[in-house]
Amino acid sequence: MKATSKPVPPGSFGLPILGETLQFLLDPKFADKREKQYGSIYKTHVLGRKTVFMSGPEANKFILSTHLEHFSWGKGWPSNFHELLGRSLFVQDGPEHQRNRRLLMPAFHGQALTNYLTTMEQIITKYLSKWEKQRHLTLFSEMKQMTFEIASVLLLGTSPGDNIEGLSQWFADLTNGLFAILPLRTGWFKYGKALAARDRLLEYIDQQIEEKTSNPGDDALGLMIQTRDENGGHLSKEEIKVQALLLLFAGHETTTSMLVSFCMALAQHPHILEKAKAEQKGLKINSHLTLEKLKQMTYLEQILKEVERLYPPVGGGFRGVIKPFMFNGYYVPEDWIISYRINSSHQDKNVFSNPETFDPERFGEQRAEHKKTEYSLVGFGGGPRFCLGYAFAQMEMKVFASLLLRNYGWEILPDQDLTMDAIPTLHPRSGLNIELVRSMNK
Ligand code: HEM
């Protein structure tokens with residue numbers, strides 16, 4: 001394919017060196033504005049790289065399924081991610097990725113998930129009681145603590161006596177470094193702090209692995225240590241350390257975002273809230289939650305799909321182009337970056353009727369709008385790199401939603417800025433200040 005004879009997508013590379021990075025990081029409407037100006041495929045220059053944004057089910061299918069050989073996950077991530085998250089699943093491709101995904105899988109399916117349910121319910125119940133006492137709270141930061149505790153207990157086997165707050169702070173430092181523009185390595189700067197936090201977290205995981213080698217337990221780390229593939233192959237200690245760190249990252253920021261949006265959307269749509277509460281009441285859950293009961297929460301599933309559609313925690317996925325390609329008449333050269341856009345794909349009028357409206361009924365059996373077009377709902381990605389923690393996240397969100405709907409009422413407090421910011425995951429700028437009260441009549 002000759003590069004010069006084909007047009008590259010429209011758009012602007014912005015300033016020399018910096019490109020349009022500042023706008024990308026600071027303007028929540030960055031991508032929407034450009035899509036309006038140039039259409040569903042356009043070029044820009046962000047985080048030091050020439051990048052093409054692509055939107056819509058056709059582009060999603062192209063990137064996530066039919067043209068995989070053109071793309072590399074590893075090359076899609078900025079260098080900060082490589083250094084801070086190590087050689088983990090996120091940056092691996094081809095056979096290396098397939099092997100490691102297979103070895104991580106048992107920790108996220110079948111019996112392992114069943115074992116996680118009781119702990120999830122206990123931790124969520126504890127946080128809801130704490131919030132009830134507080135009455136007024138900023139949900140985003142509180143929720144992050146809750147999902148972090150769930151992730152560290154279930155993924156790393158952290159016990160109640162361990163310093164969860166300390167771990168959580170290191171983790172916040174690590175996350176801040178992922179999007180630091182200047183990779184200055186001393187402790188005064190975001191990136192330097194992130195490097196120090198990464199080392200502390202890896203040291204902690206190392207200790208956990210040491211303890212689990214003789215007594216593995218039911219958590220994901222224990223399973224990772226024990227899992228063998230069909231040839232007896234297994235993850236080394238160094239591999240487990242970076243994969244566990246990645247899972248902690250992938251596994252709680254995203255769920256926090258979706259749960260906060262869930263609470264916001266239901267408070268804004270009382271008729272949907274009532275229907276969700278009625279479903280819970282009808283299930284007659286008298287004691288602990290079971291997998292069977294979770295499966296019966298079909299309306300809640302519709303609501304969660306609608307939250308995924310309208311408030312996807314992750315705005316898109318990046319890939320490095322390793323083989324040039326043509327899409328919709330445009331040429332994209334090797335070594336550029338592409339990103340499939342999750343949020344704008346979910347606004348496609350040809351797929352979703354009144355896409356700006358929060359309407360869980362669109363996912364009911366009758367309408368099932370997402371089933372009519374492949375790769376139209378991609379909040380958890382798609383194809384062979386579909387989110388590894390999907391079932392874990394669904395379980396956690398259903399347990400939280402069920403306990404909340406059955407036992408509490410909540411309202412959004414006035415005078416706050418609900419503009420949605422996209423980085424690191426989608427959240428209302430105010431963090432969502434709410435009042436939470438225990439329900440009188442169950
Ligand atoms: C609401 C919660 C979650 C959302 C919205 C979400 C979203 C996503 C998305 C969009 C991708 C694909 C990104 C791409 O194509 O570039 C992905 C991949 C991934 N997710 Fe999740 N995720 C969630 C929860 C979790 C949890 C709980 C875990 C683990 C505990 C997890 C682990 C992963 C991993 C390891 C991958 C990479 C899979 C691979 O490369 O094979 N995620 N997730």
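Me: In strand S12, which residue is the bridge partner of tryptophan 410?

Reply: The partner of tryptophan 410 in S12 is leucine 436. The model is predicted, with local features requiring pLDDT of at least 70 and side-chain atom pairs pLDDT 80 or more, while totals for chains, interfaces and linings use all residues. Residues are numbered from 1 along each chain as its sequence is written, and side-chain values use heavy atoms, without hydrogens and water.

Me: How many bridges join S9 and S12, and in which sense do these strands pair?

Reply: Two strands pair if DSSP finds at least two bridges between them; strands (E, at least two residues) and helices (H or I, at least four) are DSSP runs numbered from the N terminus. Here S9 and S12 (433–438) pair over 5 bridges in the antiparallel sense.

Me: What is the strand order of the open sheet, and which strands form its edges?

Reply: The order is S4-S12-S9, an open sheet of 3 strands with antiparallel pairing. Strands S4 (136–138) and S9 (408–412) are the edges, each pairing on one side only. From one strand to the next, the twist averages 35 degrees.

Me: Which strands does helix H7 touch as it packs on the sheet, and which does H16 touch?

Reply: Contact means heavy atoms within 4.5 Å. Angles run from 0 to 180 degrees between N-to-C directions, with axes fitted to C-alpha atoms, for helices over the stretch in contact. Helix H7 (139–156) touches S4 and S12, and its direction makes about 75 degrees with that of S4. H16 touches S9 and S12, at about 95 degrees to the direction of S9.

Me: Which protein atom is the donor to the iron atom of the ligand?

Reply: Donors are N, O and S atoms within 2.8 Å of the metal (3.2 Å for Na, K and Ca); water is not among the atoms, so sites may look incomplete. The single protein donor is SG of Cys387, 2.3 Å from the iron. Cysteine 387 lies in the loop between helix H15 (342–345) and helix H16 (390–407).
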